[in-house]
Amino acid sequence: MWIALPRSFYLLFLFLFILFSILLLPLQIRISINNLRKDNSVSLELEIFILGSIRFTGLKKNFLLNKESFPLLKMLTLIAERGSWKELRNIPFRRILFLICRFILALRWRKLDFNVKIGTGDAAWTGVLTSFLRQLSEIASYYFFQVLSFKQRPRILIYPSFLQKEFIFSFYVEFYANGMILIYYSTLILWEAVFRGQIQILWRLVRYGRASYTGFDDNGHGKFKGNGRCY
């Protein structure tokens with residue numbers, strides 16, 4: 001005997017099936033970042049294509065390079081001004097970097113172009129710096145090509161500006177991914193960077209009742225403290 005289910009159940013099942021199928025489709029993602037404008041603003045352009053040809057969504061935004069635009073840069077600036085670098089221990093950098101590396105390796109890379117024009121204001125120092133960066137870029141290009149399996153070798157070009165002090169860059173990258181990979185690693189990175197530390201602090205407050213330690217310690221200052229002895 002078949003159980004009569006409401007039509008909404010079948011519609012929900014169909015919606016979940018279509019959503020799951022879309023998340024498994026290969027997405028081609030193109031990211032372009034440059035500061036070619038005269039107002040020193042940075043332009044970010046993001047495009048996502050389904051099956052390599054159907055444009056799914058896009059984003060284009062200009063923003064200024066300052067610590068207000070980047071929360072991490074603002075936090076590091078505040079720590080440097082106060083001289084309290086010990087606060088960095090509260091941020092799980094190793095776990096975040098590990099997850100970012102796993103995320104990068106899970107993607108299928110297609111193309112990378114990075115052009116930089118740099119000038120220090122001194123022709124001699126500009127030449128030395130440009131030569132060093134060109135050697136470094138050759139090593140990085142070969143390493144990325146081998147490790148990330150690009151379809152073509154990444155192009156990293158360094159140009160000198162001997163006449164004036166400037167830094168102009170243009171970055172373009174293409175890679176393939178699917179929605180499941182993007183959601184999975186984004187959730188893990190967001191958890192480690194934002195929520196994990198806050199939940200741990202909240203758990204300590206609930207468990208210890210706002211005390212630093214509540215165990216049996218005759219010389220401590222917890223719940224079961226001694227007779228005032230402190231060493």
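Reader: Which residue's side chain meets lysine 117 in a salt bridge?

Author: Glutamate 166, at 3.8 Å from N to O. A salt bridge here is a side-chain nitrogen of Lys or Arg within 4 Å of a carboxyl oxygen of Asp or Glu. Before we go on: this is a predicted model, where local features need pLDDT of at least 70, side-chain atom pairs count only at pLDDT 80 or more, and totals for chains, interfaces and linings use all residues. Residues are numbered from 1 along each chain as its sequence is written, and side-chain values use heavy atoms, with hydrogens and water left out.

Reader: Back to lysine 117 and glutamate 166. Which strands do they lie in?

Author: Lysine 117 is in strand E4 (residues 108-120) and glutamate 166 is in strand E6, so the pair ties together parts that are 49 residues apart in sequence. Helices (H or I, at least four residues) and strands (E, at least two) are DSSP runs, numbered from the N terminus.

Reader: Buried or exposed, that glutamate 166?

Author: Glutamate 166 counts as buried, at 17% relative accessibility. Lysine 117 is partly exposed at 35%. The cut-offs: buried is under 20% relative accessible area, exposed is over 50%, and partly exposed is in between (1.4 Å probe, protein chains only).

Reader: How many salt bridges does the count come to?

Author: Seven. Another one joins glutamate 174 and arginine 30, with 3.9 Å from N to O. Glutamate 174 belongs to strand E6 (residues 165-177) and arginine 30 to strand E1 (residues 27-34), so this pair links parts 144 residues apart in sequence.

Reader: And how accessible is each of the two?

Author: Glutamate 174 is buried at 5% relative accessibility. Arginine 30 is partly exposed at 24%.

Reader: Which residue forms a salt bridge with aspartate 113?

Author: Lysine 111, with the closest N and O atoms 3.8 Å apart. Aspartate 113 is buried, with a relative accessible area of 11%. Lysine 111 is partly exposed at 26%.

Reader: Switching to the fold. How many helices and strands?

Author: Five helices and six strands. Along the sequence the pattern reads α-β-β-β-α-α-β-α-β-β-α. Buried residues make up 22% of the 231 residues in the protein chain.

Reader: What is the strand order in the sheet?

Author: E3-E2-E1-E6-E4-E5, an open sheet of six strands with mixed pairing. Strand E3 (54-64) and E5 are at the edges with a single partner strand each, so one side of each has no neighbour in the sheet. For pairing, DSSP must find at least two bridges between two strands.

Reader: What about twist?

Author: From one strand to the next, the twist averages 5°. Axes are lines fitted to C-alpha atoms, for helices over the stretch in contact, and angles run from 0 to 180 degrees between N-to-C directions.

Reader: E1 and E2: parallel or antiparallel?

Author: Antiparallel, with eight bridges joining E1 to strand E2 (residues 41-50). Isoleucine 29 has isoleucine 48 in E2 as its bridge partner.

Reader: And in which sense do E4 and E5 pair?

Author: In the parallel sense, over six bridges, with strand E5 spanning residues 155-160. The chain goes from E4 through helix H4 (residues 123-147) to E5, and this β-α-β crossover is right-handed. Right-handed means that, with the strands pointing away from the viewer, the path from the first strand over the helix to the second runs clockwise.

Reader: Asparagine 115 stands opposite which residue in E5?

Author: Leucine 157.

Reader: Backbone next. Which residue has a positive phi although it is not a glycine?

Author: Serine 149, with a phi of about 55°. Most residues other than glycine have a negative phi. Serine 149 is in the loop between H4 and E5. Serine 149 is also exposed, with a relative accessible area of 54%.

Reader: Last topic, tryptophan 191. Where is its place?

Author: In helix H5. Tryptophan 191 is partly exposed at 36% relative accessibility.

Reader: What about isoleucine 199?

Author: Isoleucine 199 is also found in helix H5 (residues 179-208). Isoleucine 199 is partly exposed, at 42% relative accessible area.
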